[in-house]
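Please walk through this structure one part at a time, keeping the sequence and the coordinates side by side.

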Amino acid sequence: MEKRKKLPPFKILSTTAILGYGFPESSFKKGLSKKPDLIAADAGSTDPGPYYLGSGKSFTNRTAVKRDLRLMIKAGVEKNIPVIIGSAGGSGARPHLEWCLDIVRDIAREEKLHFKLGIAEADIKKETVLKALKNGQISSLPFVPPLTPAVVEESENIVAQMGIEPFIKLLEAGAQVIVAGRSYDPAVFAALPIWRGYDPGLALHLGKILECAAIAATPGSGSDCAFGTLTEDSFILEALSPERKFTPESAAAHTLYEKSDPYHLPGPGGSIDLTGCKFEDLGQGRVRVSGSRFIPSDGYWLKLEAVRLAGYRSISVAGVRDQIMIDKIDDILKAVEVRVRDILGKDSEGSQIYFHVYGKNGVMGELEPVKKTRSHELGIVIEVVAPAQAEADAVLALARSVLLHYGYEGRIATAGNLAFPFSPSDVAMGKVYEFSIYHLMEVSDPAFFPVRIEQV
Amino acid sequence: MKSKGKRSIMKVAQVIRSKNSGPYELTLDIIFKERRYYELFKKKKLITAGKIASLYGVDKADVLKIIYFEPSQAIKVTLKRRIPSGTPGDTDIYGAQQHAPLLNIKF
């Protein structure tokens, strides 16, 4: 076998857990002084729920994202270090990507920076999903209902989490700054080192930890940088501010976070196998990780995400302090819904009415094991979801007024049942989305995502 | 009735938390302070699908898996979300406050 040159350590500066969550400039500067080969951040998550993907809005703030990006891009372009951002705008569909690109162009103009901007889109056409469905190339994840053509048709902003391949395509084309749509979180960190020949298991596992930046350190923080050094047989993690460090416990514990199986972390094209993984304390707040392996899957599968419109929401917030009412609250709320539906008849048929009763089971709903309410007061959020905003407003207004004056058995406080903290008491919340697609799709070309280079 | 000599899990756990693992799953982590308690829970099978199902009042089939994670001396349990994150009727978008029933475990 031909003897090849040993790979030098590959150094990655991860700035923040989610682009826009911020990071101390001192940590960033310390990271830069270590001469990183890559500056990267993940910008996305499905955690804030389906609304953001559906509405095309970012769950992060523009000013905050601009502040983070300005520091990253300025340093990257000036020092010739690639800057990679994944899941732009939080959800990574076209409107989110455009939102983020607009910020990048603003920064370039303001700072008089010129660079090759690589762009990768994560949007997937309905026809593509329908075709895959027909060909048996769609697979359901646990507890997710099987996908149907009707659900695909109802869905909006279908995206797929891209793997490393579109990033590599853009790096090959000379991109200095890459902004991508929805991406597999570790891909932004792992694409460049894997392209340079580093082990994919180690690179992806390092990416999996760095995507949350200093959350994996102790004390953890989503608003601080983390530094990773990848070698041929392991990687080293370190924090960049004096108040935190990495320990084997903190790094391992992070591997548990938000995942259903910490030994096998599935992603595009395969999974990271951590069954032989070791976390070793190197002292001075540094941890060495080894033994992570990438196991390619049978066929290349991508995770699809999409949402559909579930209706329009209106809410009202109120408190109850009357013990007689608190004792009967379940019966009262049931009776109020019956009364509302009786009055509105057909006009309320499409509406869902929910009472979130804080102090009783507002947090856990039906899962709440404590059945006997001991609170001396309750907070009630009345929620209506209807096919149109006007309908939601109307049903909510009636539910609120019926509950306010409902004459329950034994009532002695006859002036009104609710304490409203606000006037107006009702809030129209607008569109409500729900996840509709959360499935795997098999593709023949992992780099099929549209990519382009823009000279900024 | 309180059984004599039983200890609360809160005495031996460093972390007890819940969080979404995607919009359709809820994942519960118990990280132990000391290895010996992790080993005890593992050996005596103190956390089972049946136990979790009864604590949460759900079907055993809704408990997807229970995994013992050596590097963190932790037990991870993954459950079906009652309602997917953000679907009308949901009460906890991030799934971050669904761990409370675990605090009642005695051993």
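**Strands, a helix and a contact**

In this predicted model, chain A holds an open sheet of three strands in the order 10-11-14, and the pairing within this sheet is antiparallel. Strand 10 (264-267) and strand 14 (293-296) of chain A are the edge strands, each of them pairing on one side only. From one strand to the next, the twist averages 25 degrees. Looking at one of these pairings in detail, strand 11 (residues 270-273) of chain A is joined to strand 14 of chain A by four bridges, the two strands running antiparallel, and A:Ile272 has A:Phe294 in strand 14 of chain A as its bridge partner.

A further antiparallel pairing involves strand 6 (residues 156-160) of chain A, which three bridges join to strand 15 (residues 300-320) of chain A. Here A:Ala160 stands opposite A:Leu304 of strand 15 of chain A. Strand 6 of chain A is mostly covered, with four of its five residues buried.

We turn next to a helix. Helix 12 (residues 329-344) of chain A has 16 residues and reaches 23 Å from its first C-alpha to its last, which is close to the 22 Å expected at 1.5 Å a residue. Which residues of helix 12 of chain A are buried? They are A:Ile332, A:Val336 and A:Val340, and because these buried residues fall within an arc of 70 degrees when seen down the axis of helix 12 of chain A, they line one face of the helix. The cover over the buried residues of helix 12 of chain A includes helix 11 (323-327), strand 16 and helix 13 (389-405) of chain A. On the other side of helix 12 of chain A, by contrast, A:Asp331, A:Lys334, A:Val338 and A:Asp342 are exposed. Just after helix 12 of chain A comes A:Gly345, which takes a positive phi of about 55 degrees.

Finally, there is the contact between the chains, to which chain A gives 39 residues and chain B gives 37 residues. On the side of chain A that touches chain B, helix 10 (248-256), strand 16 (352-358) and strand 18 (426-443) of chain A each supply at least two residues. Sorted by class, that side of chain A has 25 nonpolar, seven polar and seven charged residues.

Technical notes:
Residues numbered from 1 in each chain as written. Chains lettered and ligands numbered in written order. Predicted model: local features only at pLDDT ≥ 70, side-chain atom pairs only at ≥ 80, totals over all residues. Pairing = 2+ DSSP bridges. Axes fitted to C-alpha atoms, helices over the stretch in contact; angles between N-to-C directions. Buried ≥ 20, exposed ≤ 12 C-beta atoms within 10 Å, placed from the backbone. Contact = placed C-beta atoms within 7 Å. Nonpolar A, V, L, I, M, F, W, Y, C, P; charged D, E, K, R; others polar. Expected span 1.5 Å × (residues − 1). Arc of directions from axis to C-beta.
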